[in-house]
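I opened this entry to record what I looked up in one structure, starting with the overall layout and then turning to side-chain pairs.

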Amino acid sequence: MAFHIPHIALGDKIWLLHAVAFIYYIVVSGLFLTTDLFITIPHIYADYDVSGILLRYLFTVYIFFNMVANHILCTITDTTYRTREDPDPVPRSWGHCMTCQVRTPPRTWHCSICHNCILRRDHHCFFTASCIGHSNQRYFIVLSFHVAVGSLYTGLLNAGYLHDYYVPFSGSGVFSYLFPVALYKLIVGQTTGFLVFMLVMTYIAFGMTVMTGTLMGWHMLNAYSGQTSWESHNEIQTYDQGPSKNLREIFGNYWLLSFLVPHQTTLPGDGIDWRRPKPLKSL
């Protein structure tokens with residue numbers, strides 16, 4: 001398994017977006033973990049037995065561990081096409097990168113941010129400061145899944161905490177959960193800055209749930225269909241080998257296990273040879 005450290009030149013104007021996205025991810029994830037472990041779970045489940053509270057602590061740490069591990073794996077896994085000898089003869093399906101001045105396999109595209117050609121390139125991710133392609137898309141999808149689950153769990157815990165300590169979420173009290181109303185209550189002294197902070201974190205949590213859940217669903221749909229995002233937009237189904245083979249091409253043979261435990265597996269393909277499935281013979 002090849003690893004690399006993503007290279008984003010400081011001279012590039014876009015490097016600041018990577019820094020902002022990465023800091024946002026780290027700070028928000030850390031705040032979610034902190035509020036779950038030290039504020040919401042201890043207060044909401046104060047009357048539960050030790051095993052009930054411990055189970056919720058373990059679930060929180062488990063989700064956070066998967067987020068961190070898959071984020072690291074997604075960032076450091078090398079999915080670039082390194083210059084090598086061209087096959088002889090060069091297949092007609094191969095392209096030519098005008099920037100790198102090399103022949104490139106099918107589905108390989110140059111990234112102007114990474115300054116590399118990416119095997120089965122899907123898109124560039126600012127939160128991981130790397131391109132998502134053949135070797136690391138599995139980690140990106142699983143990362144999105146756990147961020148969605150973790151954000152939803154945090155949002156629900158925060159909502160329960162606010163229901164108990166801010167305003168009951170019922171009747172006219174629902175309007176107090178609107179940020180302008182909460183800000184007014186803070187100004188006139190009817191609530192505390194900490195409770196408004198918890199409300200903002202709840203908004204962020206549910207927002208990240210929708211965003212990452214939608215992202216994960218989109219990529220899983222493309223993986224199921226054997227397409228990249230660009231191929232899906234352009235309705236290209238050249239490399240569709242059926243759902244089972246398509247998913248193994250992304251995740252490996254034990255693809256369901258990837259969603260439970262972060263691990264490295266050998267993919268069936270190398271991201272270079274994309275032989276089209278043989279057409280079925282007509283009866």
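**Layout of the chain**

I began with the secondary structure, which in this predicted model comes to eight helices and six strands. Reading along the sequence, I noted the pattern α-α-β-β-β-β-β-β-α-α-α-α-α-α. I then looked up the extent of the C-alpha trace, which spans about 75 × 50 × 35 Å along its principal axes.

For burial, I found that 45% of the 283 residues count as buried, while the chain exposes about 15,700 Å², with carbon and sulfur atoms supplying 66% of that area. Among contacts with a separation of 6 or more, 61% come from residues 24 or more positions apart.

**Charges and the salt bridge**

I counted 17 positive and 16 negative side chains, and the centres of the two sets lie 8 Å apart. My search for salt bridges returned one, in which the side chains of Glu-231 and Arg-107 meet at 2.7 Å, N to O. Glu-231 lies in helix H6 (residues 229-233) and Arg-107 in the loop between strand E2 (102-104) and strand E3 (109-111), so the pair ties together parts that are 124 residues apart in sequence.

**Cysteines**

The count of disulfides came to zero. I checked Cys-74, whose sulfur is 6.2 Å from the closest cysteine sulfur, in Cys-125, and this is too far for a bond; Cys-74 is buried, at a relative accessible area of 0%. Cys-131 is likewise in no disulfide, and the nearest cysteine sulfur, that of Cys-111, is 3.3 Å away, against a cut-off of 2.5 Å. Cys-131 counts as buried at 3% relative accessibility.

Conventions. Residues are numbered from 1 along each chain as its sequence is written. This is a predicted model: local features need pLDDT of at least 70, side-chain atom pairs count only at pLDDT 80 or more; totals for chains, interfaces and linings use all residues. Side-chain values use heavy atoms; hydrogens and water are left out. A salt bridge is a side-chain nitrogen of Lys or Arg within 4 Å of a carboxyl oxygen of Asp or Glu. Helices (H or I, at least four residues) and strands (E, at least two) are DSSP runs, numbered from the N terminus. Buried means under 20% relative accessible area, exposed over 50%, partly exposed in between (1.4 Å probe, protein chains only). Contact means heavy atoms within 4.5 Å. Accessible areas come from the Shrake-Rupley method with a 1.4 Å probe; for residues, only the protein chains shown count as cover. Lys and Arg count as positive and Asp and Glu as negative; His and the chain ends are not counted. The place of a charge is taken as NZ of Lys, CZ of Arg, CG of Asp or CD of Glu.
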